[in-house]
Amino acid sequence: MRDIFEDVFKNQPLDPTEVTRRAMRPQLRRRFYERVEIEAVDDAFRIVLDGRPVRTPARHALAAPTRALAQALAAEWEAQRDVVDPARMPLTRLANTIIDGVLEAPGAVAAEVERYLACDLVFYRASAPAGLVARQGAAWDPVLAWARDALGARFVLAEGIVFVTQPPQALAAAGAAIPRAPWPLGAVHSMTTLTGSALIALAVAAGALSVDAAWAAAHVDEDWNMDFWGRDEPALERRAFRFAEMQAAATVLQAT
């Protein structure tokens, strides 16, 4: 089982775009287990296949801090039928990333989220056309209003893509809202990289923004272009794959 599991999940990329690219040509293993169970060990709940604990690519136990999250992970493994398809296991991939990476270096992960705050998606607005300007405002202004009212963070907006320096006080106030516990932190980091916005991710974590609204806000420009030029089916397929990653991160936030 060790060799099979490592073949399934080894070298799984952290970048969602790279995950999507590799998922287009997977080499899938047949399902190699009959039973999926949860085993309470110390203060964690680990996933067990036919009585044997599952290991992450770095050989740590695949274990969740709450039973609810372990049940979600177990359901993902149970849902694999003839083959084990990592492309259909976003929660397991995220759990692997948190266990193998975030648990050992939470400070570095939080620092990366902070770097997104300095150049957040919602700061940079189009100057035209008017329809796009209106859409950006409708999707992004509530996020900024939440940051101002809930976090005390007042940010500066800019037109175009020229970098604008944000007030240190705003960055500090928003940075203080980044979770420090590894599992919520890993979920926020995933949402941040998926949306390009740490503020959107933090608003979801705080319950101020739904996952669907956050996803729509992250794709305002892309949707505008598709309304103008027509649907891009490959792009929409990639987006659907990435949305599963977003939902997995939301599951972690809700269950921890």
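Because the model is predicted, local features are reported only at pLDDT of at least 70 and side-chain atom pairs only at pLDDT 80 or more, whereas totals for chains, interfaces and linings use all residues. Residues are numbered from 1 along each chain as its sequence is written, and side-chain values rest on heavy atoms, with hydrogens and water left out.

Two helix pairs were examined, helices being DSSP runs of H or I with at least four residues and strands being runs of E with at least two, both numbered from the N terminus. Two packed helices are described by the angle between their axes and the distance between the axes; here the axes are lines fitted to C-alpha atoms, for helices over the stretch in contact, and angles run from 0 to 180 degrees between N-to-C directions. The axes of helix H5 (residues 106–118) and helix H8 (residues 182–195) come within 10 Å and cross at roughly 35 degrees. This crossing of H5 and H8 is left-handed, a term applied if the near helix is turned anticlockwise from the far one by less than a right angle, with right-handed used if the turn is clockwise. On the H5 side the contact (heavy atoms within 4.5 Å) is made by Pro-106, Val-109, Ala-110, Glu-112, Val-113 and Tyr-116, and on the H8 side by Leu-185, Val-188, His-189, Thr-192 and Thr-193.

The second pair, H6 and H11, packs at an angle of about 145 degrees with axes 10 Å apart, and the crossing of H6 and H11 is right-handed. Gly-131, Leu-132, Arg-135, Gln-136, Ala-139 and Trp-140 of H6 meet Val-220, Asp-221, Asp-223, Trp-224 and Asp-227 of H11. Among these residues, Gln-136, which lies in helix H6 (residues 130–151), has a relative accessible area of 2% and therefore counts as buried, where buried means under 20% relative accessible area, exposed over 50% and partly exposed in between, computed with a 1.4 Å probe on protein chains only. The side chains of Gln-136 and Asp-221 are joined by a polar contact of 2.9 Å; such a contact is a pair of N or O atoms within 3.5 Å, of which, within protein, one must be able to donate a hydrogen and the other to accept it, and residues adjacent in sequence count only if both atoms are side-chain atoms. Although Gln-136 and Trp-224 are 88 residues apart in sequence, their C-alpha atoms are 9.8 Å apart in space. With neighbours within four places in sequence left aside, Gln-136 is in contact with Tyr-124, Arg-125, Ala-126, Asp-141, Val-220 and Asp-221.

The structure holds 14 salt bridges, each defined as a side-chain nitrogen of Lys or Arg within 4 Å of a carboxyl oxygen of Asp or Glu. In one of them, the side chains of Asp-50 and Arg-35 meet at 4.0 Å, N to O. This pair links distant parts of the chain, with Asp-50 in the loop between strand E3 (44–49) and strand E4 (52–53), and Arg-35, 15 residues apart from it, in the loop between strand E1 (29–30) and strand E2 (36–41). Asp-50 is partly exposed at 29% relative accessibility, as is Arg-35 at 41%.

A salt bridge between Asp-223 and Arg-239 has its closest N and O atoms 2.7 Å apart. Here too the pair links distant parts of the chain, Asp-223 belonging to helix H11 (residues 220–229) and Arg-239, 16 residues apart, to helix H12 (residues 233–255). Asp-223 counts as partly exposed at 24% relative accessibility, whereas Arg-239, at 13%, counts as buried.

Glu-76 is placed in helix H3 (residues 67–78). The side chain of Glu-76 does, however, reach the backbone nitrogen of Leu-91 at 2.9 Å. Apart from residues up to four places away in sequence, Glu-76 touches Arg-88, Met-89, Pro-90, Leu-91 and Thr-92.

Leu-91 is also among the contacts of Val-252, which, leaving aside neighbours within four places in sequence, include Leu-69, Leu-94, Ile-98, Trp-183 and Ala-187. Val-252 lies in helix H12 and is buried, at 1% relative accessibility.
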